[in-house]
Amino acid sequence: LAAVFAPAFAMYGLPTEAHALVGPRSKRMGTREELRAYFKDAFVAEPPVRHEVLEMVSLDDLAVVRVAVHAPDGTPPEHAFTAFRVRDGMIEGIWHIAREPGAAPQSGAAALAAVRQLGDANNRGDAGALVALYHPEAKHSHRRHDPAKLGGAPPARVIDRASRERFYRELYAKGTPTQVDVVDSVALGEWVATRERYTAPDGPPRDHLTIYRVRDGLIIDEWHLAP
């Protein structure tokens with residue numbers, strides 16, 4: 001098991017702050033030797049916990065998965081929403097984003113529906129409908145071009161509801177909007193990861209990997225991860 005991890009490996013726990021995608025870095029597992037020791041101790045102490053990948057969406061070296069974690073005692077599994085970075089066949093990073101004990105199969109369906117509504121509003125060029133799908137305090141983050149990080153810094157132009165509405169009204173006034181289609185997705189509770197295909201009127205399609213957090217039908221966070 002330790003052999004599937006890169007020599008320089010990092011794992012992060014659940015986010016502990018509002019509008020955060022990344023939690024604290026684990027201090028127990030950083031080198032392959034530490035991984036071997038951790039797995040050896042864990043497997044000796046108790047039977048291995050079975051991990052079942054239920055859904056996955058990926059682009060380039062990133063994958064976001066929904067995993068069911070089955071305890072040996074047969075209790076209902078805990079579902080996890082986790083991001084992985086994989087290069088040259090080895091895992092370089094794991095980010096634990098969310099967990100939901102005993103999650104129903106449709107957990108995340110409402111959040112995914114809101115994200116699909118967002119794409120529909122964009123494709124119509126309807127700035128009012130699009131902005132209405134964001135929470136007034138919603139935060140946006142661009143991609144960080146750093147393989148050691150997940151998510152990024154906020155854009156300079158879109159920082160609140162007023163700037164969000166101004167940005168999209170100006171964008172749609174320029175002509176036919178770039179069409180956005182969700183081609184793959186994975187969801188759990190408030191969290192949704194999508195592979196979206198952007199098709200501009202005058203260019204080839206481009207795929208993007210994005211994570212959204214949705215609460216009460218409104219998007220409160222949006223992180224563009226790739227490309």
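The model is predicted, so local features need pLDDT of at least 70 and side-chain atom pairs count only at pLDDT 80 or more, while totals for chains, interfaces and linings use all residues. Residues are numbered from 1 along each chain as its sequence is written, and side-chain values use heavy atoms, with hydrogens and water left out.

**Exercise 1. Work out the strand order of the five-stranded open sheet and find its edge strands.**

- Start with the terms: helices (H or I, at least four residues) and strands (E, at least two) are DSSP runs, numbered from the N terminus. Two strands pair if DSSP finds at least two bridges between them.
- Now read across the sheet: the order is β6-β10-β9-β8-β7, with mixed pairing.
- Then look for strands that pair on one side only: these are β6 (134–141) and β7 (179–188).
- From one strand to the next, the twist averages 25°. Angles here run from 0 to 180 degrees between N-to-C directions, with axes fitted to C-alpha atoms (for helices, over the stretch in contact).

**Exercise 2. Describe how β7 meets β8, and what helix α2 does on the sheet.**

- β7 and β8 (residues 191–199) run antiparallel and are joined by nine bridges.
- For a landmark, pick Val182, which sits opposite Glu196 in β8.
- Next, helix α2 (residues 109–124) packs on the sheet and touches β6, β7, β8, β9 (206–215) and β10 (218–226). Contact means heavy atoms within 4.5 Å.
- Finally, the direction of α2 makes about 175° with that of β7.

**Exercise 3. Find the two Asp residues with positive phi, and decide whether each is buried or exposed.**

- Asp60 lies in the loop between β2 (50–59) and β3 (62–70), and its phi is near 55°. Asp60 is exposed because its relative accessible area is 62%.
- Asp216 is in the loop between β9 and β10, with a phi of about 55°. Asp216 counts as exposed because its relative accessibility is 77%.

**Exercise 4. Locate the cis peptide bond between Ala226 and Pro227.**

- The bond joining Ala226 and Pro227 has an omega of about 10°.
- Pro227 falls in the segment after β10.

Definitions and conventions:
Buried means under 20% relative accessible area, exposed over 50%, partly exposed in between (1.4 Å probe, protein chains only).
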